[in-house]
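I opened a notebook page for this structure. I wanted to look up a few places and write down what I found.

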Amino acid sequence: MKIKIESPQVLLSEGEGFAVRPADIYIEEDKIISVGEKVTDFVPDRTIDGTDKLVIPGLINMHTHNYMTVFRNLADDVSFNEWLFERVMPREDKMTPEDAYLGATLGIMEMLRSGTTCFNDMQMHIHQTTKAAVDAGIRASIGRGLSGDADEEGGEMRIRQALEEMEAWKDEPLLTFTMAPHAPYTCTGKYMQKAAAIAREKNVPLHIHLSESTFEVENMKKEQGMSPIAYADSLGLLDQPVIIAHCVKVDDEDIRLLAKPTVSVVTNPASNMKLGNGFAPIPKMLEAGVNVCIGTDGAASNNALNLFREMGLVTLIHKGAMGDAESVSAVQALKMATENAAKALGRADSLGRIAKGYQADLAILDLNAPQMMPRNNIVSSLTYSANGSEVETVIVRGEIVMENRRFTRIDEEWVRSEVRRREV
Ligand SMILES: CSC[C@H]1O[C@@H](n2cnc3c(O)ncnc32)[C@H](O)[C@@H]1O
Ligand SMILES: [Zn+2]
């Protein structure tokens, strides 16, 4: 398929920042083949009128549990421990693969509607989120959540499932994989090292939750005599590509360890604040050179899957808490949701920016939406005023998967009726 987006404004990466310029975008198959330079003899199958539109790289949600979208608003206003161990895990025990597929599809609809074209997911029903992503046409990085011990049948079984899933979907270009030990409080050290060895062998990143709550950090200090980050480092987990969700309760020594070039941190501001855990010290991490990305976590804790909201929060909470308006800029937030995320996935040369040779993963926004006007500073509009409703059309791997807010592959009616049928 050949697509030409004619005369839009385009968000381009320029050095440490962004520039917005008018430019035609030419797409052939899965790639952007030109931005701004006329391609002779290009006969598009589709021409999209870009007048009064802004094209941005599709946003990348770096920490999700999409199957959990069916648990939205079922466990609110309770502490983290009550939320996870008493409210969520018992529901997960009863969940069917069909529920998981439905939850993942609902989550994908919400993400596409708000300009997300790729997500990094930890899940517990293999083949469900994977299938939902492929069916919807969205890009995903998938990890079977792992818990247990290296010599225990349950733990072994979960690793076998992770490998089975990777093998089954290895030829699907929309998908990549992670090895995903859930957390040090649900996995033994030996088990996490086993997962890490497989990740090295398979050449995939690790994906893990670390230092989310005070309870977790205090327990780890009691049990291992060190913080969860120091413990993960002592096991060698930080010396290979690793995507770490949360990192809320970290000290200066932890931040020094997180600044390793193999490590990416995913901050989940809404989920962390809603569960009463606070928020990660992002300004200190940025200063130390940590690769910071941004995620929503699941809809059971967030309760939304909208990266525009998270970009706004990651800037506002630090300005507010530190009394420093210069901390965490709009540009930094937008980098977290695009280029930094691509780097964390090992895809800095193909995802996260609009440039020749990059994957055609794009969101087209309406610049006439009231919250996008006046056009004094479009990067500020994206971080501080956009809410996702301006996203009209989404392209992933060169395919239009949402056009004028209608999905081209997802049967919305079916999703709606199945979701309503499960309402409590
Ligand atoms: C085995 S799949 C993932 C596992 O993680 C749980 N989970 C979801 N969000 C969080 C979070 O913020 N911290 C810790 N664990 C979380 C989810 O309920 C599944 O059991
Ligand atoms: Zn999580």
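**Notebook: a helix pair, a ligand shell and one serine**

I started with two helices, H2 and H3, which are oblique to each other. I keep in mind that this is a predicted model.

Entry 1, the helix pair. I looked up the packing of H2 (residues 97–113) against H3 (residues 128–136) and found an angle of about 40°, with the axes 8 Å apart. The crossing of H2 and H3 is right-handed. On the H2 side I listed Pro-97, Ala-100, Tyr-101, Ala-104, Thr-105 and Ile-108, and on the H3 side Gln-128, Thr-129, Lys-131, Ala-132, Ala-133 and Ala-136. Sorted by class, this contact has 8 nonpolar, 3 polar and 1 charged residues.

Which residues come nearest to ligand 1? Of the 17 residues around ligand 1, I noted Val-88, Met-122, Met-124, Gly-145 and His-209 as the nearest. Helix H1 (80–94) and strand S9 (116–123) are the elements that give two or more residues to this shell. H1 provides the largest share, 4 residues. By class I recorded 6 nonpolar, 8 polar and 3 charged residues in the shell around ligand 1.

Ser-13 sits in strand S2 (residues 9–14). I found 18 other C-beta atoms within 10 Å of Ser-13, so Ser-13 is partly exposed. Leaving aside neighbours within four places in sequence, Ser-13 is in contact with Phe-18, Glu-339 and Arg-353. I also checked Lys-335, which is 322 residues from Ser-13 along the chain; the C-alpha atoms of the two are separated by 9.0 Å.

Key. Residues are numbered from 1 along each chain as its sequence is written. Chains are lettered from A and ligands numbered from 1 in the order in which they are written. This is a predicted model: local features need pLDDT of at least 70, side-chain atom pairs count only at pLDDT 80 or more; totals for chains, interfaces and linings use all residues. A residue is near a molecule or strand if its C-beta atom, placed from the backbone, lies within 6 Å of it. Ala, Val, Leu, Ile, Met, Phe, Trp, Tyr, Cys and Pro count as nonpolar, Asp, Glu, Lys and Arg as charged, and the others, Gly among them, as polar. Axes are lines fitted to C-alpha atoms, for helices over the stretch in contact, and angles run from 0 to 180 degrees between N-to-C directions. Angles under 35 degrees count as roughly parallel, over 145 as roughly antiparallel, 65 to 115 as roughly perpendicular and the rest as oblique. A crossing is left-handed if the near helix is turned anticlockwise from the far one by less than a right angle, and right-handed if clockwise. Two residues are in contact if their C-beta atoms, placed from the backbone, lie within 7 Å. A residue is buried if 20 or more other C-beta atoms lie within 10 Å of its own, exposed if 12 or fewer, and partly exposed in between; C-beta atoms are placed from the backbone.
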